[in-house]
Amino acid sequence: MMPPDQQETSSTLPGNNSHPANSTMPSSSSGNVSPCLEDPDNKQHDPPRFSILGESLLPVTLKFEDVTYNVDLAPGKGGCCSSQDPKPTRTILNGISGIVRPGELVAMLGPSGSGKTTLLTALAGRLPGKISGRITYNGHPFSSSMKRKTGFVSQDDVLYPHLTVLETLTYAAFLRLPKELGKEGKIQQAELIIMQLGLTRCRNSVVGGPLLRGISGGERKRVSIGQEMLVNPSLLLLDEPTSGLDSTTAQRIVATFRGLVRGGRTVVTTIHQPSSRLYRMFDKVVVLADGCPIYSGHAGRVMEYFGSIGFEPEINFMNPADFLLDLANGIAPDTKQDDQLDLTTTGISHHHDDQNSIKQSLISSYKKNLYPLLKAEIQTTSQDPIHFKSGKLRCKRIKISKVNKFLHTLKDFELINWFELYAVRENQWTSSWWLEFKVLLRRGLQERKHESYSALRIFQVLSVSILSGLLWWHSDTSHIQDQVGLLFFFSIFWGFYPMFNAIFTFPQERPMLIKERSSGMYRLSSYFFARTAGDLPMELVLPTVFVTISYWMGGLKPSLVTFILTLLIILFNVLVSQGLGLALGAILMEVKQATTLASVTMLVFLLAGGYYIQHIPPFISWLKYISFSHYCYKLLIGVQYSANEVYDCGLRMHCRVMDFPAIKYLGLDHKWMDVSALLLMLVGYRLLAYVALRLGQPH
């Protein structure tokens, strides 16, 4: 490994052959890059490009010593290696140690529930709660600087279904890559990721999801990996990347990992049941049984070790992964099939005791034979030449001004390693707040337009508007009770409808928000304001269409000014109602509970709105003052009727509209007070939603 100064200089010079994938990089005429990125004035120079299979800029040595993690649980449900302590906790991880150097691919094996995902999440710095033991990265604890150089791919591919592969990676590039790279440079990095992960064929296909057909599972997994590879991570952690894939696709993905580790990266992955071909690609394995380690070391020495403690496979050419999983489940190689199929109560109990006995034997052998050697290796391993301290990167005598000057002198060369500049950045965020807002706003509009303007939702609004227009067809002031009922229906319908749609927002986007926020892609405030601004065209078009149809069909006052004021009041009510739905969803983060609470809340607002009952007992009359439907209803009545307007009240008599009992009770004075109350609710509900998100999201 070269010293830091030499490594940084040589990696930026053109003609440097240290990248294994340089020979495979396309020329400027290969046509794999989008033609829209070409410079019409100077086609001889391409934007900066890099290879994801090239060298890692900052190699990371990962060490974890005696990692232990407990969760609260009912008494009596501990693992096989837990003590008989009656505390209501369960040990998920129990004393796991290991070391992963740059250029090594490590696999974590074990049956379901053995703690593989929990350990991987702990290594990524994303596990909530207190973790016992020590996890270090180049000898230092996890920090914000290390966070930006760590890629984490979860087992479930959390992607927006309506975006294409190119759009998904391009938006990720805009958010994660430094602003110095420029717009075209970021787009080309996404193009190169697509090419080098074999996604060219599906680059313009939508990702898809459970309800939308899109790309295949293997392609979706490679898209998730590509999102993390955009920032050239020094440490890459993957949770079961081959689950649900055929053997050929799984081998192709693991072969990609092999290409990554050849560039000096540290790659750790959990894998459920790899084939023998996949197993041979791993440098080291960590085998877990009920959260306890039974092996941690070189993959090629597994059979030799277990043979030395009395566990040898019956078949000479048995897949080592199958052999390890049998042992992790407590099944010895010499166990007879008839013993495993004994389904009597005594047989099951005896079989369970045998399994626990085998697991305890393997755990004891690990502590006796492997643990001391592993502990000594961890303690004697020298630190890497590049260190992380206090959350900031320390590079010897390198300043941003010098790097900028150096890069400026190389502007005419074909290859500029922009990671050099990215590495010395000490700011927490790679992009400005305004850029994050614009990218998130555009992405949100592109993704949610399919839902907001779906045929079902349009049909729902149009059918209700036409039906209400027919029911109140050309009503007039002689039927003032009917007109008042129509205005109350406006306030209630556009109170219920936006709220229940908004409740699903944050619970549905929670996985994506947690994933992207954990990677440090953007600020929570930029996401929230982008979401709020994106709701305006999405949520205000259908109410406008509804009011336009129902207002003129219902025979309300034929005045353009009155119609515009009515429309503005309804749109104001929609935003307030939506804010309440966002707040309920953000606080509870569970759709069923939020829907139940919203139903009760809207029922209270409905009854206290002032239409069904006028003589509310004093001790409960305060409910109407917290009902936004009440204020909306009052404003709709106030703009619809003037103070001197009269109506035919029978027997050729005319009565003042303001003396109508239902209107007189409301008290239409102080309209600006009603507007102020709605404005306070508009700001308050959304502020409450933001605070709830802030408290519930990782920082």
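Where does Leu470 lie? Leu470 lies in helix 16. Keep that residue in mind. This is a predicted model, and I'll walk you through a few parts of it.

First, the surface. At 53% relative accessibility, Leu470 is exposed, because the cut-off for exposed is over 50%. Leu470 also belongs to a nonpolar surface patch of about 600 Å².

Next, confidence. The average pLDDT of the protein is 81. A score of at least 70 is reached by 79% of the residues. Where is confidence lowest, and where is it highest? The lowest mean, 37, belongs to helix 1, residues 4-10. The highest, 96, belongs to strand 3, residues 105-109. Take care with residues 1-50, where the pLDDT is below 50. The model still gives this stretch 79 contacts beyond near neighbours in sequence. Take care with residues 383-426 too, where pLDDT stays under 50. For that stretch the model has 101 contacts beyond four places in sequence.

Now the aromatic rings. A ring pair is described by the distance of the centres and the angle of the planes. How many aromatic pairs are there? The count comes to 34. One of them is Phe496 with Phe500, a stacked pair. Their centres are 6.1 Å apart, with 0° between the planes. Both sit in helix 17, residues 480-503. They are four residues apart there, so about one helical turn separates them. Phe496 is partly exposed at 25% relative accessibility. Phe500 is partly exposed as well, at 21%.

Compare that with Trp552 and Phe563. Their ring centres are 5.4 Å apart and their planes are at 40°, so this pair is tilted. Trp552 is in helix 19, residues 524-553, and Phe563 is in helix 20, residues 560-588. The pair therefore ties together parts that are eleven residues apart in sequence. Buried or exposed? Trp552 is partly exposed, with a relative accessible area of 38%. Phe563 is buried, at 9%.

Rings can also join up in a group. Ring pairs link Trp433, Trp434, Phe437, Phe506, Tyr522, Tyr527, Phe528, Phe529 and Tyr690 into a cluster.

Let's turn to the inside. Helix 2 spans residues 116-123, and seven of its eight residues are buried. That is why helix 2 is largely enclosed by the rest of the structure. The buried residues include Lys116, Thr118 and Leu119. Just after helix 2 comes Gly125, which takes a positive phi of about 70°.

Last stop: Tyr633. You'll find it in helix 22, residues 628-640. Its relative accessible area is 0%, so Tyr633 is buried. What is Tyr633 in contact with, leaving aside neighbours within four places in sequence? The contacts are Val484, Leu487, Phe488, Ser491, Gly609, Gly610, Tyr611 and Leu666. Look at Leu487 in particular. Tyr633 and Leu487 are 146 residues apart along the chain. Yet their C-alpha atoms are separated by 6.8 Å.

That's the tour. Thank you.

Key: Residues are numbered from 1 along each chain as its sequence is written. This is a predicted model: local features need pLDDT of at least 70, side-chain atom pairs count only at pLDDT 80 or more; totals for chains, interfaces and linings use all residues. Side-chain values use heavy atoms; hydrogens and water are left out. Rings of Phe, Tyr and Trp (its six-membered ring) pair if their centres lie within 6.5 Å; planes under 30 degrees apart count as stacked, over 60 as edge-to-face and the rest as tilted. Helices (H or I, at least four residues) and strands (E, at least two) are DSSP runs, numbered from the N terminus. Buried means under 20% relative accessible area, exposed over 50%, partly exposed in between (1.4 Å probe, protein chains only). pLDDT is the predictor's confidence in each residue, from 0 to 100. Contact means heavy atoms within 4.5 Å. Patches are made of residues with over 30% relative accessible area and no salt bridge: like charges are joined within 9 Å, nonpolar side chains (Val, Leu, Ile, Met, Phe, Trp, Tyr) within 5 Å. Accessible areas come from the Shrake-Rupley method with a 1.4 Å probe; for residues, only the protein chains shown count as cover. A salt bridge is a side-chain nitrogen of Lys or Arg within 4 Å of a carboxyl oxygen of Asp or Glu.
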